[in-house]
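I opened this entry to look up charged side chains and their partners. My notes follow the display.

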Amino acid sequence: MEKNGNNRKLRVCVATCNRADYSKLAPIMFGIKTEPEFFELDVVVLGSHLIDDYGNTYRMIEQDDFDINTRLHTIVRGEDEAAMVESVGLALVKLPDVLNRLKPDIMIVHGDRFDALALATSAALMNIRILHIEGGEVSGTIDDSIRHAITKLAHYHVCCTRSAEQHLISMCEDHDRILLAGCPSYDKLLSAKNKDYMSIIRMWLGDDVKSKDYIVALQHPVTTDIKHSIKMFELTLDALISFNKRTLVLFPNIDAGSKEMVRVMRKKGIEHHPNFRAVKHVPFDQFIQLVAHAGCMIGNSSCGVREVGAFGTPVINLGTRQIGRETGENVLHVRDADTQDKILQALHLQFGKQYPCSKIYGDGNAVPRILKFLKSIDLQEPLQKKFCFPPVKENISQDIDHILETLSALAVDLGGTNLRVAIVSMKGDIVKKYTQFNPKTYEERISLILQMCVEAAAEAVKLNCRILGVGIGGGIIHQHELIHGSSFCAAELGHLVVSLDGPDCSCGSHGCIEAYASGMALQREAKKLHDEDLLLVEGMSVPKDEAVGALHLIQAAKLGNVKAQSILKTAGTALGLGVVNILHTMNPSLVILSGVLAHHYIHSIKDVIRQQALPSVQDVDVVVSDLADPALLGAASMVLDYTTRRIY
């Protein structure tokens, strides 16, 4: 296996409940099947897959050449609220025997259906790890509650969008167990449009239908307001009849209220109307082609706001069932679909348009990421999941370890004259500080920093301080949170390049801010002037045993040394240009300067902002920190913020 500590194949159980979730799970199942050296696949089929009225869609799983290990009849007919509850109960009764027999290492569960809740509940109670697909999303109905309940039961999460990932983190899920992969169905969607589609259109809609000249309608009941959703469906059908375009109508799902919606279809004669084709199920490969080349899709299916965006097909989203979903510009919302005229106007606005294709929900590479994620799961890790709660008011109860230990960080400050390392507590107190003269060579500096950190870490043990990490560098704060970056190296502000032919920098580049304005850079320039007898002016001296540094350069400039003044002006200008670049990139409301040189640079920086920055960012506040050791405290905050917060 791939570095997961497992010495055998991972036994994966994929459970599918309906035609919609199979479209998301099938690409993963195909991927698992192609790597038999890593995985064993068990397929469990339940829910509406096994009901004739909903198309007996288990057959498409067989047609895809998957062996179905278990078929579970779990649906209690009635299509009302009570039937949904009874169906969950029936699934909970039947699933334990299946899971005992299969003994999977991990169960893959998709989405937000009531069947999926039964699957996740059973697996969690039977100590089976759960991988949840599409958690963290927001729609607008009872599905939200079910989806988030499954999230709490699941051990691992595969989400489709950055917002969904942030929602999961906000729900206190472990960031290390969240994979932002994109939607698995997009792996097929983004490679599907070049296939022969006219034969599919003719098969489902008739020989006389042209591309972009028909409608696909798919509407489900809203279980929290069944009466209104049925009325809305009736108005939708009336609008479609008036619009007078060939329309493919798919039967609704099995949620409470679906039986009444079917009655509305039959009352209006939809199944026999010359402009309509009413079907229980369309295979996903063919459904892709139908929506990709439709003049419009209408309804309240998640497919409309998620998958159809990949083709730029116009969508009319009716009601509140998908109101919280992220959508592309191809979606027109009709939230209060309470009149036929309103829906008809939406059809006139949308039909026949072509929008830019959207990749909000995926880039076509979800399955390889998911397989890699599965391979990384270590079955030796404790099964009990942990929640990453944000900091809250300290508990009144006490723990001896907390009494004896102080959570701390090692902060490193690389000054021009001195190297400093400090033990900084969670409250921002500097417990102990270590200072050494800065060696001349890079290798000597690195060696000394490591030595100082080792000494400080050893001392921390004696001081009952638990070191959470080591921090170096500047920082950017966005929405009250410190930005860390993908590899925790965000805000390397000293290495912004402000000149293509500037002086050499310690990083190996040229023209960095640090090469102009750091303490070491000023020390270098001071030594050059001193070696040429151009540094000292009247009223100034440097003892023989004292190294020339940045402070001597500043003193010389204050006493009228023109060359020293020019060096400081150039340094201030370089730093000012770097700040202008940051203003144009991040548009912050506040820039805080720190360190012994900050007071000498602030006026130059403000001058450069006034001369070089766009008018829209010139009002930014630039201030000098009044903290005693801002560099050390800032470096420590990078560690303390990351290790104690989960939203960043």
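I began with Lys-342, which is partly exposed at 35% relative accessibility; buried means under 20% relative accessible area, exposed over 50%, and partly exposed in between, with a 1.4 Å probe and protein chains only. This is a predicted model, in which local features need pLDDT of at least 70 and side-chain atom pairs count only at pLDDT 80 or more, while totals for chains, interfaces and linings use all residues. Residues are numbered from 1 along each chain as its sequence is written, and side-chain values use heavy atoms, with hydrogens and water left out.

I found Lys-342 in a salt bridge with Asp-338 at 3.1 Å, N to O (a side-chain nitrogen of Lys or Arg within 4 Å of a carboxyl oxygen of Asp or Glu). Asp-338 is partly exposed too, with a relative accessible area of 44%.

I noted a count of 39 salt bridges by this rule. Glu-307 and Arg-306 form one of them, at 3.5 Å from N to O, and both residues are buried. I also find these two in a salt-bridge network whose members include Lys-24, Asp-112 and Arg-325.

I then looked up Glu-173, which lies in the loop between helix 6 (162-170) and strand 7 (178-180); helices (H or I, at least four residues) and strands (E, at least two) are DSSP runs numbered from the N terminus. Glu-173 is buried, with a relative accessible area of 2%. Leaving out residues up to four places away in sequence, I list among the residues it touches Lys-152, His-157 and Phe-387 (contact means heavy atoms within 4.5 Å).
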